[in-house]
Structures are given as C-alpha cells and as structure tokens.
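Please open the model in your viewer and keep the sequence panel beside it. The stops below say what to select next and what is to be found there.

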Amino acid sequence: MPSLNGSTPVNGSSKFLDYRNAVEALNEYQSRDGLSIEDLVDTKQRGGLTYNDFLILPGYIGFAASEVVLDSPITKRITLKTPFVSSPMDTVTEHEMAIHMALQGGLGVIHHNCSADAQADMIRKVKRYENGFIIDPVVISRESTIEEARALKEKWGFGGFPVTESGKLGSKLLGIVTNRDLQFEDDLSQTVDKVMVTDLVTAQLGVTLPEANKILAKSRKGKLPIVDKDFNLVSMISRSDLTKNLHFPLASKLPDSKQLICAAAIGTRPEDKTRLKKLVDAGLDIVVLDSSQGNSMYQIDMVKWIKQEYPGLDVIGGNVVTREQAANLIAAGVDGLRIGMGSGSACITQEVMAVGRPQAAAVYSVSNFAAKFGVPCIADGGVQNVGHVVKGLALGASTVMMGGLLAGTTESPGTSFVSREGKLVKAYRGMGSIDAMQDKKAGAGSKNSQASNAGTARYFSEGDSVLVAQGVSGAVAHRGSIGKFVPYLAAGLKHSMQDCGQRSLKELHESAANGTLRFEVRTASAQLEGGVNMESYEKKLYA
C-alpha cells in the first residue's frame with residue numbers, strides 16, 4: 001500500500017509484522033491481557049475490593065444481546081429466568097413487590113417486620129395471583145351476601161367466586177359470582193344466588209391444562225370450573241392467568257401449579273418456628289434466614305430443624321462474607337447463601353461494629369467455595385447500578401439482591417412524596433436503623449414488641465436496654481414501576497455480557513474460572529475518568 005504522506009515510525013519502529021498474522025502474534029505473550037479473577041481479588045496483594053475498584057475487560061461480540069440467557073439458580077432446586085432478587089426489608093418487599101418481581105422472572109423476599117399472620121396473608125396473595133389449575137379457589141355458598149362477596153374481592157384483589165351448595169370445594173357447583181354481577185347492586189344484604197351466573201361452561205375432571213385453556217379461550221368466559229361426574233367443583237382455571245402467561249413469559253413459576261414462586265424471611269428465634277408453620281401453610285416456597293451474621297449456633301440449629309421438619313422447603317442462609325462462615329451453613333444443609341455484611345446503602349455495620357468485608361472480595365471468596373458443593377449464592381448489598389450487578393455475577397454470584405435500588409419503585413411499600421429539594425422520593429430505611437428496630441408491627445400488640453421485631457432479631461439486639469443502630473433512615477429517588485425498571489436492568493445486563501463476549505451466566509462463570517474472562521483494577525483517577533465529566537447534565541437511565 002503506497003504511503004500518502006510519508007512513512008512514520010510507530011513506537012519507534014519502522015519494521016512491521018505482516019498484519020494478517022496479528023491474531024497468531026498474541027501467542028508471544030505469556031498471558032492474556034488484564035488480570036485473572038484470582039489475581040484481581042488477591043487480598044494479600046490488593047486488599048479488599050469493592051465493585052467500583054475494578055472493570056471487566058471486553059471480549060469478542062459474536063452474537064446479539066437478545067441471545068444472552070440470564071437463567072440462574074437461586075437455590076439448589078429452583079432456577080430464575082432473571083437473576084434479580086428484592087431484599088426482605090420493610091420498605092422494599094411486601095406482596096406487591098414479590099408479585100411483580102416474580103412476573104419479571106426474578107424473586108421477591110417478603111420481610112418479617114410484621115406479625116406472622118400478616119406475612120402469611122402476603123404469601124397467599126402472591127400464590128393466588130397466578131395459577132394453572134386453581135386447586136384451592138375461594139368458594140362461597142348461595143347464602144353469602146353481596147357485601148361478603150365484595151369484602152372477599154377487597155381482601156384477595158380478584159373477583160369471580162364459584163358458588164357451591166356447602167360453600168366449600170368438593171360440593172355441587174351452582175354458579176359463579178363475577179365482578180359484573182356485584183358492580184351495580186345497591187342492596188348489600190341480598191344473597192348471591194339472586195345475581196350469580198348459572199349458564200356455565202365447565203370441563204370434566206381429568207382434562208389437561210392445555211385442553212382446559214383451549215375450552216376457556218373458546219368460551220369467552222372469565223372462569224372455567226373443573227367438575228367431577230356429579231358436578232362437584234374440583235378446581236378451576238382463570239382467563240386472567242392466560243393473559244398473564246402471554247404478557248409475562250419469563251415469570252418465576254412452579255412447573256406443576258403454575259403459581260408464582262414466593263420467598264419470605266424469618267429470624268432464628270424459637271417463635272420463628274411457629275411463624276414458619278403459618279408461612280408454609282400459606283404456600284411458601286423458599287425461606288430466607290435473615291441475620292446480619294449467619295454463622296451462629298442459632299442459625300445452624302434452625303437450618304437443621306427446618307430441613308428435618310420441612311424437607312420440601314428450600315432454605316437460604318446468611319449473611320456470610322468468609323469461607324469459614326459459609327462452610328458451617330453448607331454443612332448444616334442450606335440450599336443457598338446470602339453474601340454481604342455492611343455493604344448496603346442504608347447499612348453502617350462496618351462503620352459501627354468494625355466487622356464486615358468489602359463486597360467484591362466477599363462475593364468471590366464465598367461463591368468460589370460454595371460452588372464446590374453446588375450451593376448458589378446471592379450477592380446482597382452494594383449494588384447501585386447495572387454495572388454492579390454484572391460485577392457481582394462475574395465474581396461468582398448466581399443472583400443479585402437489591403434493596404435501595406428497588407425501594408424507589410412504585411411496587412415498594414409506602415407512598416411517594418416530594419423532598420425539600422423538590423424531587424419525587426420514597427422512604428427507605430435499613431433494618432438496623434432505630435426506626436426499624438422500634439417498629440411495633442411485628443409485635444402484633446404484645447407487651448415486648450422489641451423482642452418480636454425483625455430488626456432487633458437480625459442484629460441480635462432483642463434483649464438490649466440500649467439499641468445500637470447498624471442502619472440509617474432516609475429516602476431514595478422514585479424510579480417508576482418494576483415493570484419498566486427490571487427489564488431495564490435485564491437489558492443492561494445482556495448488553496454488558498455481550499461486550500464481555502459471554503452468552504449466558506453459566507458461560508460467564510466458566511470463563512471467569514478458566515481465566516478467559518479478564519479484569520482490570522481501577523485507580524481513583526480511573527474511576528473519575530469513567531464517570532461523567534461535564535458542568536451540567538441530565539442522567540436518564542432508560543426510555
């Protein structure tokens with residue numbers, strides 16, 4: 001190729017190799033560019049790293065971002081379509097958050113800073129939100145009043161109740177009361193047999209779910225009762241569930257019942273065994289043992305008891321940040337682990353207690369050890385953006401738990417308000433904050449509400465005369481609906497993995513383990529360089 005403006009030396013040399021051999025020339029180097037994951041998180045050489053202290057080096061893009069698979073295990077037996085989990089905090093996860101996280105392919109862990117009955121009610125709402133065959137429908141009798149039917153709709157959040165002779169499942173089906181039947185009735189004392197629909201389309205016991213769905217679709221009805229040969233109600237399917245299947249193809253559901261997967265937190269006190277029974281009866285799938293320091297005799301005994309009493313219930317233990325902590329819980333029989341201590345945005349444990357570990361170092365150390373036993377790990381805390389999600393997963397976590405990042409969404413508990421600066425925000429507090437530890441809802445009217453509080457239990461402070469805060473209270477920016485925010489997180493994660501050249505989270509973990517995935521440490525100047533450097537700007541996360 002002729003020189004157009006003279007031949008200029010490159011790096012002091014005018015003799016060049018054949019450009020066609022550029023790829024083969026990489027073999028001259030002893031190692032790939034950047035650092036392996038082992039070199040990156042060598043605490044003896046670099047100290048403890050956080051997510052901001054490093055970057056993942058780009059790989060080769062040979063596929064579209066839409067082809068990236070985000071399936072990842074949350075426990076030994078349960079896999080999610082997206083690796084996002086909402087934290088069991090009383091300003092983050094109640095039934096609304098749990099439902100919408102599950103619909104988006106993730107998981108919501110319902111907090112336990114409330115009475116056991118209130119927590120069980122939230123689980124029931126999650127489990128009843130979507131079904132295949134509804135094997136325990138809400139059934140009423142012909143003597144039930146319109147007022148009672150409306151109260152049931154208010155309680156469960158849905159309408160359309162089958163009416164049977166006895167008011168129970170297994171009795172002769174008489175009709176169905178729909179929302180339309182109740183909407184304009186003024187006489188609330190009137191019985192439902194006066195307004196119920198009796199022109200029913202039904203299916204016989206033994207019908208498969210696909211067959212039942214076809215019958216329902218053709219019938220143009222809202223509900224399809226399943227009856228036996230004597231016309232006794234056996235189960236039911238709902239048109240709304242067909243719609244949800246269409247709109248939420250990634251939803252976290254059980255394969256048999258098609259119900260949403262639900263998780264909830266409990267403590268490790270003796271009374272939590274009674275609480276757990278109510279939660280299991282409500283349909284709980286995963287129990288999360290909630291403690292700031294999971295390596296305790298209390299949690300180990302609780303894990304063993306749960307695995308003996310409820311062998312079909314998956315147990316996630318934690319929190320842990322070292323291999324030694326993890327080993328005791330793995331040996332006790334946990335199905336998953338939560339990693340993190342003091343790294344949450346509303347947590348001050350590291351500051352006050354001088355105990356904890358930088359999150360990147362913790363995630364790698366624990367998840368690398370737990371992987372030897374097939375125990376999935378949740379990176380819990382320190383996640384402020386999509387990049388942190390990617391880094392937590394690259395370090396070995398199977399899923400990422402978020403608190404402050406989700407607290408500002410529409411589905412979190414509480415209402416939005418305008419801050420002094422004129423911004424729309426929502427209240428958010430750490431479970432170790434004084435506000436959370438003094439909350440009386442968990443006591444359910446008992447004289448010693450502090451002993452029943454989830455915050456005091458999490459930080460082993462039930463009997464303290466003086467509460468030592470390990471968290472703060474404040475507010476976070478409103479982020480809109482989970483229906484938009486979680487897909488934004490998923491899209492960002494897919495594009496990041498495309499940049500890394502990884503088609504799936506399984507491939508991401510394998511590439512990190514075999515040294516193909518490379519990393520680079522960021523100096524303080526590098527972190528400044530990687531941020532925004534403008535006088536003024538507007539930061540929109542998604543559109």
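Over the ring of which residue does the charged end of Lys391 sit? Select Lys391 together with Phe54: the charged end of the lysine sits over the ring of Phe54, 5.2 Å from its centre, where sitting over a ring requires NZ of Lys or CZ of Arg within 6 Å of the ring centre and within 35 degrees of the ring normal. Then select Lys244 and Tyr129, where the charged end of Lys244 sits over the tyrosine ring at 3.8 Å from its centre.

Before going further, note that this is a predicted model, in which local features need pLDDT of at least 70 and side-chain atom pairs count only at pLDDT 80 or more, while totals for chains, interfaces and linings use all residues. Residues are numbered from 1 along each chain as its sequence is written, and side-chain values use heavy atoms, with hydrogens and water left out.

Next come the aromatic pairs, of which the count is four; rings of Phe, Tyr and Trp (its six-membered ring) pair if their centres lie within 6.5 Å, with planes under 30 degrees apart counted as stacked, over 60 as edge-to-face and the rest as tilted. Select Trp305 and Tyr310, an edge-to-face pair with 5.9 Å from centre to centre and 75 degrees between the planes. Trp305 is partly exposed, at 21% relative accessible area, whereas Tyr310 is buried at 18% (buried means under 20% relative accessible area, exposed over 50%, partly exposed in between, with a 1.4 Å probe and protein chains only).

Move on to Phe485 and Tyr488, whose ring centres are 5.6 Å apart and whose planes stand at 45 degrees, so this pair is tilted. Both residues belong to helix H20 (residues 482-500), and because they are three residues apart there, about one helical turn separates them; helices here are DSSP runs of H or I with at least four residues, strands runs of E with at least two, numbered from the N terminus. Phe485 is buried, with a relative accessible area of 1%, and Tyr488 also counts as buried, at 18%.

For the cysteines, select Cys377, buried at 1% relative accessibility, and then Cys500, buried at 8%. The count of disulfides, meaning pairs of cysteine sulfur atoms within 2.5 Å, is zero.
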